[in-house]
Amino acid sequence: MAETQRVLDVRVIPPREKHPTIFQTFAALAPGESFVLVNDHDPKPLRYQFEFEHAGRFGWDYLEQGPAVWRVQISRTGA
Amino acid sequence: MARADLADWRLMRLGLSSAAAADVELADLVQACTQRGLSALELREEDAHGVAFADVPAAQTSLPAGLIAGLYARESTDAVRLARAAVALRAPVIVADEGTAARRVRLARSIAASGGGALPLMRGPARDWLDGVADQDPGYAWEVDPGITDLARDADLVLRAVRAPDYIRFIGGGPEAALQEGRGIGVLMGRLALAGYDGAVVLAPSSPRYRVAWSSWLGRRGGWGCGSKVADAALVRLY
């Protein structure tokens, strides 16, 4: 049976709302939970921000890497 | 994790209404969706996509499975015809008739009784209609308009309700996203993600006055999105 996966598609979100929305969504995760981020470009700057602000407490796994859509599974790995 | 594993999940899908390109044929709409990473398409009955809501379209067999998410109908009194279209295109009728929400619920039930899927479209502040769809079977579609709705408040109401929407029609986005700055689209999308919403979110224009902007956006090279990817000098300005 298919499992429901949380998806945050930020393509529809205006730029200045994107990162706050992503980090608020991440903050709402319990350890071990995750969501799939969908974007129209490789969110490398976001990863750098995660590494700076949440080092060692997040997982980052590419599920799809372009050319039109990038999907990244972002997980909370620690308290 | 391999991309193939996505097939094991039920995922929220972002899509496009044919209202965003009312003069574009189905093949071009499908091509735009698939090439730009959108995985759902709403067909509005009056647009130029060429799909009759009464007959089995010749193009049906070539459509990617599940691409058509909804059949938007402003006039839903012919339940038998629309039920037939829903079955042929394997998508629910989005009952968008004028009048009260209760009327749209009745029309949707009539289509369902004729053998086709149908979702009454709920518009305006959620407090005005949410009680009426709590036990709605088989479900309902929610039209979200950030121009008239408090997105955070309504998202909390809707997603905590007994029955979450099966389909979301999002007014704006795309080239109109810049106009919605500060209206909280992010809080809506964040709430949908945390709630595990696994239906379609279909983008539709807020007004025909933005037709040129949407057409330009659909024809852009370099991907879809909110405009953050690259500065595109060819994009039509909205203000």
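Arg13(B) stands opposite Ala200(B), a residue of strand β9(B). This is a predicted model. The two strands behind that pairing are β2 of chain B, residues 13–17, and β9 of chain B, residues 200–204. They pair in the parallel sense, over four bridges.

What do the strands of chain B build together, in the order β2-β3-β4-β5-β6-β7-β8-β9? They form a closed barrel of eight strands, and the pairing is parallel. On average, neighbouring strands of this sheet are turned by 30° against each other, with direction ignored.

## Helices across the strands

Helix α2(B) spans residues 79–89 and lies across β4(B) (68–73) and β5(B) (93–95). It runs at about 165° to β4(B).

Helix α3(B) covers residues 101–113. It lies across β5(B) and β6(B), the latter being residues 118–122. Its angle to β6(B) is about 170°.

## Chain B as a whole

Chain B has 239 residues, and 51% of them count as buried. Its secondary structure comes to six helices and nine strands. Take the contacts in chain B between residues at least 6 apart in sequence: 66% of them join residues at least 24 apart.

## How confident is the model?

The model scores ipTM 0.78 and pTM 0.82. For chain B, the mean pLDDT is 80, and 81% of its residues reach 70 or more. Which elements of chain B have the lowest and the highest mean pLDDT? Strand β1(B), residues 9–10, has the lowest, at 70. Strand β5(B) has the highest, at 96.

One stretch calls for care. Over residues 220–239 of chain B, the pLDDT is below 50. Beyond near neighbours in sequence, that stretch still has 41 contacts in the model.

## An enclosed helix

Is helix α5(B) largely enclosed or largely open? Seven of its 10 residues are buried, so the helix, residues 185–194, is largely enclosed by the rest of the structure. The buried residues are Ile185(B), Gly186(B), Leu188(B), Met189(B), Gly190(B), Leu192(B) and Ala193(B). An α-helix has 3.6 residues a turn, so residues three or four places apart point the same way.

What do the buried residues of α5(B) pack against? Part of the answer lies in chain A: β2(A) (7–9) and α1(A) (15–27). The rest lies in chain B: β7(B) (141–144), α4(B) (151–159), β8(B) (167–171) and β9(B). After α5(B) comes Gly196(B), whose phi is positive, near 70°.

## Two helix pairs

Helices α4(B) and α5(B) pack at an angle of about 20°, and their axes are 8 Å apart. Angles under 35 degrees count as roughly parallel, and these two helices are therefore roughly parallel to each other. The crossing is right-handed. From α4(B), the residues in contact are Leu151(B), Ala152(B), Ala155(B), Asp156(B) and Leu159(B). They meet Ile185(B), Val187(B), Leu188(B), Arg191(B) and Leu192(B) of α5(B).

Chain A has a helix pair to set beside this one. The axes of α1(A) and α2(A) come within 12 Å and cross at roughly 45°. That makes α1(A) oblique to α2(A). This crossing is right-handed. Helix α1(A) makes the contact through His19(A), Ile22(A), Phe23(A) and Phe26(A). Helix α2(A) brings Pro45(A), Leu46(A), Gln49(A), Phe50(A) and Glu53(A).

## Two buried residues in chain A

Pro43(A) lies in the loop between β3(A) (34–39) and α2(A) (44–53). Is Pro43(A) buried or exposed? Its relative accessibility is 4%, so Pro43(A) counts as buried. It touches Leu37(A), Trp60(A), Trp70(A) and Val72(A), leaving aside residues up to four places away in sequence. Pro43(A) and Val72(A) are 29 residues apart in sequence, and their C-alpha atoms are 8.6 Å apart in space.

Leu37(A) is found in strand β3(A). At 0% relative accessibility, Leu37(A) counts as buried. Its contacts, again without residues up to four places away, include Leu8(A), Val10(A), Ile22(A), Leu46(A) and Ile74(A). Leu37(A) and Ile74(A) are 37 residues apart in sequence, yet 7.0 Å apart in space, C-alpha to C-alpha.

Definitions and conventions:
Residues numbered from 1 in each chain as written. Chains lettered and ligands numbered in written order. Predicted model: local features only at pLDDT ≥ 70, side-chain atom pairs only at ≥ 80, totals over all residues. Heavy atoms only, no water. Pairing = 2+ DSSP bridges. Axes fitted to C-alpha atoms, helices over the stretch in contact; angles between N-to-C directions. Contact = heavy atoms within 4.5 Å. pLDDT = per-residue confidence, 0-100. Buried < 20%, exposed > 50% of the residue type's maximum accessible area, 1.4 Å probe, protein only. Parallel < 35°, antiparallel > 145°, perpendicular 65-115°, else oblique. Left-handed = near helix turned anticlockwise from the far one by under 90°.
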